Amino acid sequence: MSTFNLALEAWQAGAELRKRRSRYKKFAYGRQWDDMITTPDGDRMSERAYAEICGQTPLTNNVIRQLIKSVVGNFRSSLAENDGNAGASEPDSATARRNSLTEMDCRMLEEFLISGCAIQRIVAEKRPGGSGVWVDNVSPDDFFVNRYCDPRGLDIELIGMLRAMSLREVVMRYGSTPSKAEAIGRAYARDAEPLSASQIGSSDGDSHFFRAPAGRCRVIEVWTLESRTLLRCHDRERGSFFVADNNSRTRLHNINELRNGSGEAGIDVRPSTTLRWHCRVYAPTGLLLDDYDSPFGHGSHPFALKLYPLIDGEVHSLVEDVIGQQRHINRIITLIDHIMSVSAKGVLLFPEDQKIDSMSWDELGAAWARSDSVLPYRPGGGSSEPHQVVGACENPGAYRMLETQLNLFQQISGVSENLRGRMPAYQTSAATLDSQLHTSAIAMLDLIDTFNGFRMERNRMMAATMPGVGRLRG
């Protein structure tokens, strides 16, 4: 099977992860009534539509967003305290400033909390912002990888991403000859169809794989780990050692023949099998735009990747853990609002036989509505002393349910009030507050340390991606 088809298969295999990420992102940013449900009548509709049919006004109390902001805020605060250091492999300050690494990492952490995916692409190239190493955040919607289970990613054999470029950029990058530039123009013509789309079995859900946003061209970058035969060569005459590709056998044989004829020492050649990361760049029609071995000093693909927690290859984010509580919170506040809207508020039942003749019903109603009014009436069964009338409109049961869900949200997420920066109303010693904050931080330690491990790996790759340090591994 071609590398292009393998890339499409890897993309299709990630459909469920992309679908769940889309749902988690909606909840994170307040679109929390879009889940489809089955009504008692058997109809399928969104929760919002069903609530409106039931006469309710769907309300959202976005606790998830506050949770994410608290974690990212604590992370940014720790970066400021440590001057952004993530380890010994921290990139130089100029590279960090050019890439705005603090901002990029905070946005990457936000993605990590929502989807459980942290993906960055590290390359060395010239851009309007300067030449050198560049770090780009990669959306999981544009990323694909073979199914793997090793948290270190050592069993990854295919990885890549979907890129969107202008036609001018595609021609500039890959149209090295007039004939190739012409082929690129044909590949991105409006009537060009994906290569063997019917044979591949692609569906409408794969349209993003083949189609870029309007005005852009889809470019598919695929990296594969491949077995390669290399020739380890020892030139005894010149006292040097070098590695040549397998296609150099004939050339090396001819050199040895000439040296034998002149009495010089030949070149010892020993075949060796090794693994190399190889990149192929495709147009959506399957046209190969470019291919090359990894040019980086680390000899690998350019993606820093961390999926969490990757138990049996599964990805589960922090937001996923608290969606159930968020839905219950929304339902309860909607219920409270509905109860208040249909409850009697300010309705006065006034006996006709106690109304005095000097006031009309309108005057009586106006007097009742004023906070400082005096309302005369005839008490039945004799005289009575004056008394104050105070009404209440509460549903203590609903409020207790809401408080319970908010407490469950805090317990499940592990992000306590202290970690959110909220201090208790009662007096508490500084030592007690520090202890509570430390306990709260422990609940997030695995998640944050995993993300910091991702950053350290990214920094290591940055150090080995500088121009001029890249060399193929022998």
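Does aspartate 312 count as buried or exposed?

Mentor: Aspartate 312 counts as exposed, because its relative accessibility is 57% and the cut-off for exposed is over 50% (buried is under 20%, partly exposed is in between, all with a 1.4 Å probe and protein chains only). Before we go on: this is a predicted model, where local features need pLDDT of at least 70, side-chain atom pairs count only at pLDDT 80 or more, and totals for chains, interfaces and linings use all residues. Residues are numbered from 1 along each chain as its sequence is written, and side-chain values use heavy atoms, with hydrogens and water left out.

Aspartate 312 sits in the loop between β12 and β13 (314-315). Helices (H or I, at least four residues) and strands (E, at least two) are DSSP runs numbered from the N terminus. The backbone is worth a look too: aspartate 312 has a positive phi of about 55 degrees, although it isn't a glycine. Step back to leucine 310 and you find another non-glycine with a positive phi, about 60 degrees this time. Leucine 310 belongs to strand β12, and it counts as buried because its relative accessible area is 3%. Proline 309 lies in that strand as well, which covers residues 309-311. A cis peptide bond links proline 309 to tyrosine 308, with omega at about -5 degrees.

Now for a sheet. Three strands make an open sheet in the order β4-β3-β11, with antiparallel pairing. β4 (130-137) and β11 (303-307) are the edge strands, each pairing on one side only. From one strand to the next, the twist averages 15 degrees. Two strands count as paired if DSSP finds at least two bridges between them. β3 (residues 117-127) pairs with β11 over five bridges, and arginine 121 stands opposite phenylalanine 303 of β11. With β4, β3 pairs over eight bridges; there, lysine 126 is opposite serine 131, and a two-residue hairpin takes β3 into β4. In a regular strand the side chains alternate between the two faces of the sheet. Helix α16 (residues 445-463) lies across β3, β4 and β11, at about 20 degrees to β3. For that angle, axes are lines fitted to C-alpha atoms (for helices, over the stretch in contact), and angles run from 0 to 180 degrees between N-to-C directions.

Next, some buried polar side chains. Glutamine 32 is in the loop between α2 (15-28) and β1 (36-38), and at 1% relative accessibility it counts as buried. Its side chain makes polar contacts with the side chains of glutamine 326 (3.2 Å) and asparagine 330 (2.7 Å). A polar contact is a pair of N or O atoms within 3.5 Å; within protein, one must be able to donate a hydrogen and the other to accept it, and residues adjacent in sequence count only if both atoms are side-chain atoms. Leaving out residues up to four places away in sequence, glutamine 32 also touches others, including Glu47, Thr60 and Asn62, where contact means heavy atoms within 4.5 Å.

Asparagine 62 leads us to helix α4. Asparagine 62 caps the N-terminal end of α4, with a side-chain oxygen 3.4 Å from the backbone nitrogen of isoleucine 64. The 19 residues of α4 (residues 63-81) should span 27 Å at 1.5 Å a residue, and the end C-alpha atoms are 27 Å apart, so the two agree; the expected span is 1.5 Å times one less than the number of residues. Among the buried residues of α4 are Ile68 and Val72. Glutamate 110 touches both Ile68 and Val72, along with Tyr29 and Arg65, not counting residues up to four places away in sequence. Glutamate 110 lies in helix α6 (residues 101-115), and it is buried, with a relative accessible area of 7%.

Among contacts between residues at least 6 apart in sequence, 70% join residues at least 24 apart.
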